[in-house]
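Thanks for coming. I will go through one structure this morning, from the chain as a whole down to a few single residues.

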2 protein chains.
Amino acid sequence: MGSTERISNVAKRVAKWHRAGHQMVVVPSAMSGETNRLLGLAKELAPSLMSEAYHRELDMLASTGEQASSALLAIALQAIGIESISYAGWQVAIKTNSAFTKARIESIEDQKVLSDLNQGRVVIITGFQGVDEHGNITTLGRGGSDTSAVAVAAALKAKECLIYTDVDGVYTTDPRVVPQAKRLATVSFEEMLEMASMGSKVLQIRSVEFAGKYQVPLRVLSSFTPWDIDLEEEARSGTLISFEEDEKMEQAVVSGIAFNRDEAKISVLGVPDKPGIAYQILGAVAQANIEVDMIIQNISKDGKTDFSFTVHRNDYAKTLEILKTKVIPDLGASEVVGDTQTCKVSIVGIGMRSHVGIASKMFQTLSQEGINIQMISTSEIKTSVVIDEKYMELAVRALHKTFDLDQVQA
Amino acid sequence: MGSTERISNVAKRVAKWHRAGHQMVVVPSAMSGETNRLLGLAKELAPSLMSEAYHRELDMLASTGEQASSALLAIALQAIGIESISYAGWQVAIKTNSAFTKARIESIEDQKVLSDLNQGRVVIITGFQGVDEHGNITTLGRGGSDTSAVAVAAALKAKECLIYTDVDGVYTTDPRVVPQAKRLATVSFEEMLEMASMGSKVLQIRSVEFAGKYQVPLRVLSSFTPWDIDLEEEARSGTLISFEEDEKMEQAVVSGIAFNRDEAKISVLGVPDKPGIAYQILGAVAQANIEVDMIIQNISKDGKTDFSFTVHRNDYAKTLEILKTKVIPDLGASEVVGDTQTCKVSIVGIGMRSHVGIASKMFQTLSQEGINIQMISTSEIKTSVVIDEKYMELAVRALHKTFDLDQVQA
């Protein structure tokens, strides 16, 4: 939400749904720029702090942005005659663990909210934040408002969770890279999960995970649509992330091409191949709260194996440091090597389950473009490759064409 | 607190005290302009709302300002190596009643804070706010940070509560009206209470009441003093509001001249003089949450009396309305008259208790200046008059001179 004008428009949109008979819970984000402004002040005061105490204060600070916009939205609704009440995360309560600045939701109490809804109120819940078992305010990390919304929808068993974003749906790939990219009317939860984790920035992955875990139908739609468009039209817009596999979905072999420029590749070479190796390497990394994405272990040769994984580029230096100081000395590995000039490109499609040869068609396409594949990882519904960063756009465009995504009808 | 530079200076000042061995609890105000900015946004969205639901949201909104500055101060302290933790009102908890936008503190829990202090931390407590029994965020109204600070000091049995303001102490009167006004090194609690309630804007009256109730020694000092001045010098600066009546205080008959331009006068004429009249008139006004200041009832004539009181000028129209619609019809009074072009001027001094003729000296001075007195009210240590607003400065200057306040030595 940007200005009071935008807040006022959000209120009008919510009022439209409310007046059509829907019970509404709204989870607003902070006013645009506010979170950055607040964190900028903290950075000015303490350019180099990293302690837990500091991260606790960052959450105290950053959580105020959403609290203010929630109160303002409640006020905007009241101003147009809709009864409305806002709750901070701890008031609901939205309970999280204590991982400051990237907490995870553990439970949501629904009594207050249900009672308000039954009294005809629109309930505004402050997104992005929660409270830990000690009563500390926590935040969920960037994009956390989406996760809050889905978690709240799950707790309340909502019919649908509408996520208003700055895009108008999920596309076959990023239209900035492939102008022919098409909007998908429906995408399966599994595909969305893979696309979100692959860097399609439409939704935060955790929000999709939550939606999947609790079977919350999720619709991604544009916040730029005028608030007064026909409600039925709005209800059909965007992309529905669905849990029912209909025939149409079965037909689409590959639904989208995802990519991620933020991956860095790390390989531990010459690791003795014995039980517990993966844990020994990744346990220390996980303890430092670094998320690991792809993990690949090659088959063993002469009792030695190579172990590779990818992390976010920002965590690359820290991960190398941990490996070199805490892991390698005990492990007897021969070397650690890495590269930050890499990217990951994935084809995602629920139809891949029942179609053979999709992966090899992907490799063929890349080969025809002269792109060398550095790592491969597959799941039931996706195939990912790590390639040199400079070939990313080329790879995405070629794959988009190969899998006929230019022809998709929304 | 204005900018990160000011926050950083506050941190350095706190660090100075902390390093000298003091256990410190700090109650910061919002960054300057922030509360006005937030309330301005609410006003833009809802220019005319007055409901309780609206006031509840205003508190959700306004409380974010202090929460942000508290977190920033904790961060600024951590940045210079001082362990520090901030708490929102509900986290402490500071419990209040449910009068949104002007709540009153009912209790403060001290366990968390004492535990942190004993671990060597500086504790930052978000001022201006609390939480009611239903878990709603409340705010204490303008200047509420002072009240929070004193209440916290009382709960923790602090040795002294330092209030850093934009003035460097309590003066014999407002120096903008009387350039010869002098700073008082000490003022008794009772005098301060009268001066605060009379409109000396140094401290919010509720903070002084709290200090009195719990015998918290209060020092008003300037936030513009450089943070690195000698600690002993800083500890002696400003004005100490004291509970011990020393000899020096006995000698000063009048300590200060207070005045208040915001008073409106209302008289109910021809009220039948029977028990319960005062309650009938003021009960309805109090129910509307309007604070009444001076109350005067003249002696009865022919079974009828006149009943006068003053309210804040902003409450004048509402008060008249209440009287005319809810009170007068049942009361059988003949008329309600009022005036907003009035002001109140008071002489305050603990020495008045043991000195006769002080009030008449005041009346004589006003008479010599040709100023007509409209109402008079007295207490043990003050005499107040309501006069035409246009004579206010003249009255204050003349009284300041009459009572030798130009000669006070700080």
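Two residues are in contact here if their C-beta atoms, placed from the backbone, lie within 7 Å. With that in hand, take the contacts in chain A between residues at least 6 apart in sequence: 75% of them join residues at least 24 apart. Please keep in mind that this is a predicted model.

On confidence, the average pLDDT of chain A is 88, and 95% of its residues score at least 70. For the model, ipTM is 0.76 and pTM is 0.77.

Now the overall build of chain A. There are 14 helices and 21 strands in chain A. Its radius of gyration is 23 Å, against the 22 Å that the globule rule gives for 410 residues, so chain A is as compact as a globular protein of that length. The C-alpha trace of chain A spans about 75 × 50 × 35 Å along its principal axes. As for burial, 47% of the 410 residues of chain A count as buried.

Next, the contact between the chains. How many residues of chain A are in contact with chain B? The count is 32 residues of chain A, in contact with 32 residues of chain B. On the chain A side, the elements that give two or more residues are α1 (4–19), α2 (34–45), α3 (52–79) and β2 (84–87). Of these, α3(A) gives the most, with 16 residues.

The core comes next. The largest nonpolar core has 202 residues, and the ones that touch the most other members are A:Leu72, A:Leu73, B:Leu72 and B:Leu73. Take B:Leu72 as the example. Leaving aside residues up to four places away in sequence, B:Leu72 touches A:Leu41, A:Ala42, A:Leu45 and A:Leu61, along with B:Ile7.

Let me turn to a sheet in chain B. What is the order of its four strands? In chain B the order is β16-β17-β15-β18, in an open sheet with antiparallel pairing. At the edges are β16 (292–297) and β18 (335–339) of chain B, each of which pairs on one side only. From one strand to the next, the twist averages 15 degrees. In general, strands of a sheet pair through backbone hydrogen bonds, either parallel or antiparallel.

Inside that sheet, β15 (residues 263–272) and β17 (residues 304–312) of chain B run antiparallel and are joined by eight bridges. If you want a position to look at, B:Val268 stands opposite B:Phe307 in β17(B).

Two helices lie across these strands. Helix α11 (residues 277–287) of chain B lies across β15, β16 and β17 of chain B, and runs at about 160 degrees to β16(B). Helix α12 (residues 316–331) of chain B lies across β15, β17 and β18 of chain B, at about 165 degrees to β18(B).

Is β14(A) mostly covered or mostly open? Mostly covered: five of its five residues are buried. Both faces are covered, with A:Gly256, A:Ala258 and A:Asn260 buried on one side and A:Ile257 and A:Phe259 buried on the other. Strand β14(A) runs antiparallel to β19 (residues 342–348) of chain A, and five bridges join the two. The bridge partner of A:Gly256 in β19(A) is A:Val348.

Last, some points of backbone geometry. The peptide bond from A:Val92 to A:Ala93 is cis, with omega near -5 degrees. A:Ala93 is in the loop between α4 (89–92) and β3 (94–96) of chain A. In chain B, the peptide bond from B:Val92 to B:Ala93 is also cis, with omega near -5 degrees, and B:Ala93 lies in the loop between α4 (89–92) and β3 (94–96) of chain B.

Then there is A:Asn289, in the loop between α11 (277–287) and β16 (292–297) of chain A. Its phi is near 65 degrees, a positive value in a residue other than glycine. Why does A:Asn289 count as exposed? Because A:Asn289 has 11 C-beta neighbours inside 10 Å, and a residue is exposed at 12 or fewer. In chain B, B:Asn289 has a positive phi of about 65 degrees although it is not a glycine. B:Asn289 sits in the loop between α11 and β16 of chain B, and it counts as exposed with 11 C-beta neighbours inside 10 Å.

Key. Residues numbered from 1 in each chain as written. Chains lettered and ligands numbered in written order. Predicted model: local features only at pLDDT ≥ 70, side-chain atom pairs only at ≥ 80, totals over all residues. Pairing = 2+ DSSP bridges. Axes fitted to C-alpha atoms, helices over the stretch in contact; angles between N-to-C directions. Buried ≥ 20, exposed ≤ 12 C-beta atoms within 10 Å, placed from the backbone. Core = buried A, V, L, I, M, F, W, Y, C linked by C-beta atoms within 7 Å. Rg over C-alpha atoms; globule rule 2.2 N^0.38 Å. pLDDT = per-residue confidence, 0-100.
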